[in-house]
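Please look over the sequence and the three-dimensional structure shown here. The briefing that follows is intended to be read beside them.

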Amino acid sequence: GLEQGNCTIKMNLNHSRSGTMRFELHNLRLSNFSGPTGPFQIRTFTPSGVLIDQDLTVPGQTLRTAALTHAEVRALDGHAGTSSRLVVEFVPHNPLPLDCKIALALPPGFRVRTNSSVAVALGNAGANASYTRAEYDMDAALDGRLEITVHSERLVTLSRVGALTAANPGVRVALFVDQVRNP
């Protein structure tokens, strides 16, 4: 059998033929993040656990990024030319690592002020345009705090700092970005 953590996979074969063996494992969770997996390993053992053959360098693969769902960015004050607070919401397909960064590029006409220093994680319960203090204190998908870096008038990155857990996949991530001027 193959053991990984608390999982054991066993195959019982009722014959002793030589040749190629092919099988599929379904519903496995690979790496939590996109990028190269690194090599896989295959080993064969006798019923008593004696190693028969092995290949510890089976080529890995590169896992692709997945699309965000339910992505939305909106100004809480929708009047032209005003400074407003943006609400940024999305649901990630994969977990967000402890040290992830979220890049936000705004369309032409919007301007982020260089002193925009407020990025607050909201609770993961859906809400309308009215966000109250109680709503964004409820079960935020991102623990720790967020730091904002303004790269230009239209490009910012938000970095997780002091996070203790990866943000779960399929859970709404929502946050505020302050001091954004509408076109």
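What pLDDT does the protein chain average? This is a predicted model, and the average pLDDT of the protein chain is 76. A score of at least 70 is reached by 69% of the residues.

**Confidence**

- Over residues 1-6 the pLDDT is below 50. Beyond near neighbours in sequence, this stretch has 6 contacts in the model.
- Residues 126-137 also have a pLDDT under 50. For these residues the model has 23 contacts beyond four places in sequence.
- Where pLDDT is low, predicted coordinates should not be read in detail.

**The chain as a whole**

- The protein chain contains 1 helix and 14 strands.
- Of the 183 residues in the protein chain, 26% are buried.
- Among contacts with a separation of 6 or more, 62% are made by residues 24 or more positions apart.

**An open sheet of three strands**

- In which order do the 3 strands of this open sheet lie? The order is β9-β13-β12, and the pairing is antiparallel.
- The edge strands are β9 and β12, each of which pairs on one side only. From one strand to the next, the twist averages 20°.
- Strand β13 covers residues 155-161. Of its 7 residues, 5 are buried, and the strand is thus described as mostly covered.
- Strand β9, residues 101-105, is joined to β13 by 5 bridges, and the two run antiparallel. Within this pairing, Ala105 stands opposite Leu155 of β13.
- Strand β12, residues 145-152, is joined to β13 by 7 bridges, again in an antiparallel arrangement. A hairpin of 2 residues connects β12 to β13.

**Positive phi in residues other than glycine**

- His70 has a phi near 50°, a positive value in a residue that is not glycine. His70 is placed in strand β7, which spans residues 69-75.
- Is His70 buried or exposed? His70 counts as exposed because its relative accessibility is 67%, and the cut-off for exposed is over 50%.
- Gln179 is likewise not a glycine, and its phi is positive, at about 65°. Gln179 belongs to strand β14, residues 173-181.
- Gln179 has a relative accessible area of 29%, so Gln179 is partly exposed. This class lies between the buried limit of under 20% and the exposed limit of over 50%.

How values were computed. Residues are numbered from 1 along each chain as its sequence is written. This is a predicted model: local features need pLDDT of at least 70, side-chain atom pairs count only at pLDDT 80 or more; totals for chains, interfaces and linings use all residues. Side-chain values use heavy atoms; hydrogens and water are left out. Helices (H or I, at least four residues) and strands (E, at least two) are DSSP runs, numbered from the N terminus. Buried means under 20% relative accessible area, exposed over 50%, partly exposed in between (1.4 Å probe, protein chains only). Two strands pair if DSSP finds at least two bridges between them. Axes are lines fitted to C-alpha atoms, for helices over the stretch in contact, and angles run from 0 to 180 degrees between N-to-C directions. pLDDT is the predictor's confidence in each residue, from 0 to 100. Contact means heavy atoms within 4.5 Å.
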